[in-house]
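Some remarks on this entry follow, as numbered points.

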Amino acid sequence: MKLNYRGMTIYVEKDYAAMSRAAAELLVQTVKENSATVLGLATGSTPIGMYQEVVKAYQRGEVDFARTLSYNLDEYYPINHDNDQSYHYFMRENLFRHINILPENTHVPSGEAKDVERSAAEYDEKIYAIGGVDLQVLGIGNNGHIGFNEPAAIFAKGTGLVDLTESTISANSRFFASIDDVPKKAVSMGIATIMQAKRIMLLASGQGKAGIVAQTILGEITPQVPASALQLHRNVTFFLDEAAAAELLAKLGK
């Protein structure tokens, strides 16, 4: 099912696998149309299926990433790049080592920088210097965070160091041996950096995301729901499975 709501494009697919395939098609098509595309990439469990489909497309010879650049949304802080819970490691294992993207063309915020604010500012400067992100991939947290932009009194501007909320730490603890091992901070692109991407795609799967998806698309634009800022973007596409779309569709009478 394809819906258009106030300028936003919404694809509702049967399940996670179908949603992942549909999202991968957009990413692959974007790179096929411009091999020097600048991708903004996300981590977490939701985009893994999409990355697996992208790898399959590459293995079939459908797409070439030799000229593609990537900039990731975020990274835990502090964390070593080779730590198996770092997002550097995640991207290598789930995408980069399976395609022909050049290592020097991949960028993830530093979880090791001594001057983290300077490192974060330089990260934004690199993105702006190349003309910005062409296609930004997002997931969404249960509290509406995109990247690690948590609910707050104001929207975050550029990339910077953020404190993770207890709900985010709890949600991410499934990836760690203990909740005590989950980093309490992260370096994240700010809302302003994300919103400057030419096109944005957000993936959400599962019943647990149904409420926040509906609030993001239909609710007030507020920093208490960071993802609600996407209502202001001129080219945003949502890829949802039926479970994640259930509350949205009910409120729209679909």
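1. A residue is called buried when its relative accessible area is under 20%, and exposed when that area is over 50%. The model is a predicted one.

2. With that cut-off, helix α8, which covers residues 242-252, has A244, A245, L248 and L249 as buried residues. Viewed down the axis of α8, the buried residues fall within an arc of 115 degrees, so they line one face of the helix. A250 and K251, on the other side of α8, are exposed.

3. Which elements cover the buried residues of α8? The cover includes the strands β1 (2-5), β2 (8-13), β10 (199-204) and β11 (236-241), together with helix α7 (210-218). Just after α8 comes G253, whose phi is positive, at about 70 degrees.

4. Phi of R6 is near 50 degrees, a positive value in a residue that is not glycine. Is R6 buried or exposed? Its relative accessible area is 66%, and exposed means over 50%, so R6 counts as exposed.

5. A cis peptide bond runs from Y77 to P78, with omega near -10 degrees. P78 sits in the loop that lies between strand β5 (74-77) and helix α3 (87-94).

6. For the fold as a whole, the protein chain holds 8 helices and 11 strands. Its radius of gyration is 17 Å, close to the 18 Å that the globule rule gives for 254 residues, so the chain is as compact as a globular protein of that length. Along the principal axes, the C-alpha atoms fill a box of roughly 50 × 45 × 35 Å.

7. Of the 254 residues in the chain, 54% count as buried. Among contacts with a separation of 6 or more, 79% are between residues 24 or more positions apart.

8. The protein chain exposes about 11400 Å², and carbon and sulfur atoms supply 49% of that area. As for charge, there are 23 positive and 29 negative side chains. How far apart do the centres of the two sets lie? The distance between the centres is 6 Å.

Notes
Residues numbered from 1 in each chain as written. Predicted model: local features only at pLDDT ≥ 70, side-chain atom pairs only at ≥ 80, totals over all residues. Heavy atoms only, no water. Helix = DSSP H or I, 4+ residues; strand = E, 2+ residues; numbered from the N terminus. Rg over C-alpha atoms; globule rule 2.2 N^0.38 Å. Buried < 20%, exposed > 50% of the residue type's maximum accessible area, 1.4 Å probe, protein only. Contact = heavy atoms within 4.5 Å. Areas by Shrake-Rupley, 256 points an atom, 1.4 Å probe, with all protein chains shown as cover. Lys, Arg positive; Asp, Glu negative; His and termini not counted. Charge placed at Lys NZ, Arg CZ, Asp CG, Glu CD. Arc of directions from axis to C-beta.
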